[in-house]
Amino acid sequence: PCYATSQRLSGDISFVAGLVASEPVYLKLAERYSGEELSGMDEMAQDCIEEFINVLNGMFSVALGEEQIETDLDLPRFGQNVHPQGSNQLRLRVHSAVGSFQVVMATDEFF
């Protein structure tokens, strides 16, 4: 199974950004972010990745604000067995120490 977490940024520009990862990689990313060992896929793992995405997009939103581009962040979304299907979609494969995952950006929700 794979899992996805995404978040919409809306305002002067509007798009959805997030990540898709296999269960082992999603869990390892959540463990790295939380600093805790997780026993399996649960709400804690989901919350960790949602917070991670929220922080990243928040930092990006602040950088956009410095360029006079205003954005608001929606609540993160979570999905299981996702096959990204967003419009005008950009999918980047990231290879990391915890495994490979995809960073996805699209003009609308990709799952």
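Student: What do I need to know before we start?
Tutor: The model is predicted, so local features need pLDDT of at least 70, side-chain atom pairs count only at pLDDT 80 or more, and totals for chains, interfaces and linings use all residues. Residues are numbered from 1 along each chain as its sequence is written, and side-chain values use heavy atoms, with hydrogens and water left out.

Student: OK, salt bridges. How many does a search of the whole structure find?
Tutor: The search finds 2 salt bridges. The term means a side-chain nitrogen of Lys or Arg within 4 Å of a carboxyl oxygen of Asp or Glu.

Student: Which residue does Lys28 form a salt bridge with?
Tutor: With Glu31, and the closest N and O atoms are 3.5 Å apart. Both residues lie in helix H1 (residues 23-34), 3 residues apart, about one turn of the helix. Helices here are DSSP runs of H or I with at least four residues, strands are runs of E with at least two, and both are numbered from the N terminus.

Student: Is Glu31 buried or exposed?
Tutor: Glu31 is buried, because its relative accessible area is 16%. Buried means under 20% relative accessible area, exposed over 50%, and partly exposed in between, with a 1.4 Å probe and protein chains only. Lys28 has 42%, so Lys28 counts as partly exposed.

Student: And which residue does Glu109 form a salt bridge with?
Tutor: Arg77, again with the closest N and O atoms 3.5 Å apart. This pair links distant parts of the chain: Glu109 is in the segment after strand S6 (99-106) and Arg77 is in strand S4, 32 residues apart. Glu109 is partly exposed because its relative accessibility is 21%, and Arg77 is partly exposed at 40%.

Student: What else does the side chain of Glu109 make a polar contact with?
Tutor: The side chain of Ser6, at 2.8 Å. A polar contact is a pair of N or O atoms within 3.5 Å; within protein, one must be able to donate a hydrogen and the other to accept it, and residues adjacent in sequence count only if both atoms are side-chain atoms. Ser6 lies in strand S1 and is buried, with a relative accessible area of 0%.

Student: Which side chain is joined to Thr71 by a polar contact?
Tutor: That of Ser61, with a contact of 2.4 Å. Thr71 sits in strand S3 (residues 71-73) and counts as buried at 12% relative accessibility.

Student: Switching to the surface. Which residues gather in the patch of negative charge?
Tutor: Asp12, Glu70, Asp72 and Asp74. Patches are made of residues with over 30% relative accessible area and no salt bridge, with like charges joined within 9 Å and nonpolar side chains (Val, Leu, Ile, Met, Phe, Trp, Tyr) within 5 Å. Asp and Glu count as negative, Lys and Arg as positive, and His and the chain ends are not counted. The place of a charge is taken as NZ of Lys, CZ of Arg, CG of Asp or CD of Glu.

Student: Where is Asp12?
Tutor: In the loop between strand S1 (2-11) and strand S2 (15-22), and Asp12 is exposed because its relative accessible area is 53%. Leu64 is 52 residues from Asp12 along the chain, with their C-alpha atoms separated by 9.7 Å. Leu64 lies in helix H2 (residues 43-66) and is buried, at 10%.

Student: Which residues make the nonpolar patch?
Tutor: Tyr33, Val55, Leu56 and Met59, covering about 350 Å². Those areas come from the Shrake-Rupley method with a 1.4 Å probe, and for residues only the protein chains shown count as cover. H2 gives the most to this patch, with 3 residues. Met59 lies in H2 and is exposed, with a relative accessible area of 54%.

Student: Last topic, the backbone. What is the phi of Asn81?
Tutor: About 55°, a positive value although Asn81 is not a glycine. Most residues other than glycine have a negative phi. Asn81 lies in the loop between strand S4 (77-80) and strand S5 (90-96), and is partly exposed at 46%.

Student: And where is Asn88?
Tutor: In the loop between S4 and S5. Phi of Asn88 is positive too, near 45°, and Asn88 counts as exposed at 64% relative accessibility.
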